[in-house]
Amino acid sequence: MILLSFDIEEFDMPFEYGRDISFEEQMAVSKEGAQRILQLLEKQGIKATFYVTANFAQHAPEIVNRIIEGGHEVASHGYFHSNFKPEHLKASKEVLEEITKTRVEGYRMARMMPVPETEIKKAGYIYNSSINPTFLPGRYNKLNEPRTYFLREGVWQLPASVSPFFRFPLFWLSFHNLPASLYRFLVKWTCKKDGYLNVYFHPWEFMPIGPKEKYNFPGYVTKNTDGKMMERLEQFILWAKKRNYTFVRTKDFIHNIVLQISIPIANDASTVCLQHY
Ligand SMILES: [Zn+2]
């Protein structure tokens with residue numbers, strides 16, 4: 001099973017590289033990138049999960065509704081991408097539920113930063129996919145976290161996938177920079193060991209963000225983006241389908257795999273289940 005996800009936020013990454021960018025431009029890049037992703041998923045007939053900031057949703061409700069109409073899942077990526085307060089957990093969920101008229105069950109913190117788990121539970125989320133259980137120099141060291149899903153403080157944790165043993169991350173940067181054959185080898189190995197893959201991308205990866213656009217991004221960020229990313233992801237999807245991997249929304253994985261397995265073995269898991277269903 002492959003849990004494909006996209007973090008849909010206002011495109012604030014240029015700030016990290018010392019480049020100013022207007023809010024209009026941030027939204028324009030993310031909106032167009034999100035449309036490209038939706039077209040690709042529709043063409044391939046697969047479903048995914050979109051972690052959306054409330055700020056993006058309020059300024060582009062038509063995109064969020066296209067996500068829902070496409071049969072995909074909308075989860076929360078916080079209120080603002082560059083600013084977090086614990087009250088944003090509940091507030092972003094409410095904004096997204098109001099716009100989509102569906103229940104928001106999952107959360108992912110901006111930049112995979114730490115977030116108080118009890119607050120996530122209080123805000124009413126069932127799962128949290130905010131851990132990248134690897135070591136990223138200058139960002140975080142999560143080598144002590146489990147590689148696969150587990151329950152913490154009443155919230156299901158769904159870490160981003162990393163390879164077994166040396167925990168090579170299989171997130172967006174690896175997808176761009178590794179040779180496609182090596183990436184696929186690591187995916188096969190991880191899926192065989194774990195039974196699923198949880199990977200994430202962003203709309204701006206599907207947009208022109210190279211030196212010409214002057215966002216000051218290093219080469220490893222811009223490598224294989226724009227049209228090349230469209231092609232790369234499509235080829236990956238075709239490869240995965242040929243090998244009978246199925247693409248599922250994260251909430252379906254949580255309902256059908258995680259909760260089903262856990263109910264007989266963990267009492268607090270069934271409490272989570274009963275509280276919410
Ligand atoms: Zn993000």
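A crossing of two helices is left-handed if the near helix is turned anticlockwise from the far one by less than a right angle, and right-handed if clockwise. The model is predicted, so local features need pLDDT of at least 70 and side-chain atom pairs count only at pLDDT 80 or more, while totals for chains, interfaces and linings use all residues. Residues are numbered from 1 along each chain as its sequence is written, and side-chain values use heavy atoms, with hydrogens and water left out.

**View 1. Helices α2 and α4.** The crossing of α2 and α4 is left-handed. In α2, Lys-31, Ala-34, Gln-35, Leu-38, Gln-39 and Glu-42 meet Glu-62, Ile-63, Arg-66 and Ile-67 of α4 (contact means heavy atoms within 4.5 Å). Helices are DSSP runs of H or I with at least four residues, and strands are runs of E with at least two, numbered from the N terminus.

**View 2. The zinc site.** Glu-9 (OE), His-77 (NE2) and His-81 (NE2) coordinate the zinc ion at 2.1 to 2.2 Å. Donors are N, O and S atoms within 2.8 Å of the metal (3.2 Å for Na, K and Ca); water is not among the atoms, so sites may look incomplete. Along the chain, the donors follow the spacing E-x67-H-x3-H. Glu-9 lies in the loop between β1 (2-8) and α1 (13-16), and His-81 in the loop between β3 (73-76) and α5 (87-100), 72 residues apart.

**View 3. Surroundings of Phe-201.** Not counting residues up to four places away in sequence, Phe-201 touches Leu-4, Ser-5, Phe-6, Asp-7, Trp-172, Phe-175, Phe-206, Met-229 and Leu-233.
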